[in-house]
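User: I'm new to this structure and would like a close look at one part of it. Could you walk me through that part slowly, in plain words?

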Amino acid sequence: MPDGYPQPVFLDATAISNFASTSSVEFLVHLLEAPIVVPAVRDEIERGVEHGHEYLTSAVEAFDNGLAVSDVPPEIGRVSLHERLDPGEREALRGAVERDGTIATDDLAARRLATELDVPVTGSIGLLVLGIKREHIDSETADEWLEVWRDERGYYAPVESVTELLDE
């Protein structure tokens, strides 16, 4: 696990939603040098609030106040993403490709395609690990957040504890 990721980091809706569910969107703003949200992800989060997911309100409030919303080009010339990903993941990956950045996604299809395109990829758990390494949070807090994601949001995690991913 690197000590950081190529900037900027493009966040997808699941990553933002996870951190919003633990009232920790500010964590993302402080952890990442240049977090970016693409319009399709912003729209998805805003629709979530409209559909009663009040915990997403903190994410909406963070747009353009630490979480910059930025447009991306309409298509990557070398690969069509239209049928392979949902709009949010598609725009976030396009942004990471065009700006030589990183995508933060928990979506398996997006992660696989990012790997195919040699785009650095991380996810919600990777951001927790980075937060621990940079001393923004401790491992107990990271595990508490992970537990909320699992229990309240139905999040699948390949580890029981974030500490399983920390270097000795």
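How many residues line the largest pocket, and which of them lie nearest its centre?

Analyst: Happy to. Before the tour, some ground rules: this is a predicted model, where local features need pLDDT of at least 70, side-chain atom pairs count only at pLDDT 80 or more, and totals for chains, interfaces and linings use all residues. Residues are numbered from 1 along each chain as its sequence is written, and side-chain values use heavy atoms, with hydrogens and water left out.

Now the pocket. The largest pocket is lined by 23 residues, and Asp106, Arg111, Gly123, Ser124 and Tyr155 are the ones nearest its centre. Rolling a probe the size of a water molecule over the atoms shows where empty space is left. Here the search runs on a 1 Å grid over the protein atoms alone: a pocket is an open set of points where a 1.4 Å probe fits, with protein on both sides within 12 Å along at least five of seven lines, unlike a cavity, where the probe fits but cannot get out; lining residues have an atom within 4 Å of a point. The volume comes to about 470 Å³, taken as the space filled by probe spheres set on the points, with grid points joined across faces, edges and corners.

H1 has the largest share, with four residues. These labels are DSSP runs numbered from the N terminus, with helices (H or I) of at least four residues and strands (E) of at least two. Sorted by class, the lining has twelve nonpolar, eight polar and three charged residues. In that sorting, Ala, Val, Leu, Ile, Met, Phe, Trp, Tyr, Cys and Pro are nonpolar, Asp, Glu, Lys and Arg are charged, and the others, Gly among them, are polar.

Asn18 counts as buried because its relative accessibility is 3%; buried means under 20% relative accessible area, exposed means over 50%, and partly exposed is in between, using a 1.4 Å probe and protein chains only. Leaving aside neighbours within four places in sequence, Asn18 is in contact with Asp106, Ser124, Trp149 and Tyr155, where contact means heavy atoms within 4.5 Å. The side chains of Asn18 and Asp106 also make a polar contact, at 3.4 Å. That term means a pair of N or O atoms within 3.5 Å; within protein, one must be able to donate a hydrogen and the other to accept it, and residues adjacent in sequence count only if both atoms are side-chain atoms.

With a relative accessible area of 33%, Thr14 is partly exposed. Not counting residues up to four places away in sequence, Thr14 touches Asp106 and Ser124. Thr14 and Gly123 are 109 residues apart in sequence, yet their C-alpha atoms are 8.9 Å apart in space.

Ser23 has a positive phi of about 50 degrees although it is not a glycine. Ser23 counts as exposed because its relative accessibility is 69%.

H6 has a story of its own, by way of helix H5. The buried residues of H5 pack against strand S1 (9–11), helix H3 (39–50), S4 and H6. H5 is mostly covered, with ten of its twelve residues buried. Just after H5, Asp100 takes a positive phi of about 50 degrees, and Asp100 lies in the loop leading from H5 to S4. At 63% relative accessibility, Asp100 counts as exposed.

Last stop: Thr102, in strand S4 (residues 102–104). Thr102 is buried, as its relative accessible area is 0%. Beyond residues up to four places away in sequence, Thr102 touches several others, including Tyr5, Pro6, Pro8 and Ala96. Its side chain reaches the backbone oxygen of Pro6 at 2.7 Å. As for Pro8, a cis peptide bond joins Gln7 to it, with omega about 0 degrees, and Pro8 is found in the segment before S1.
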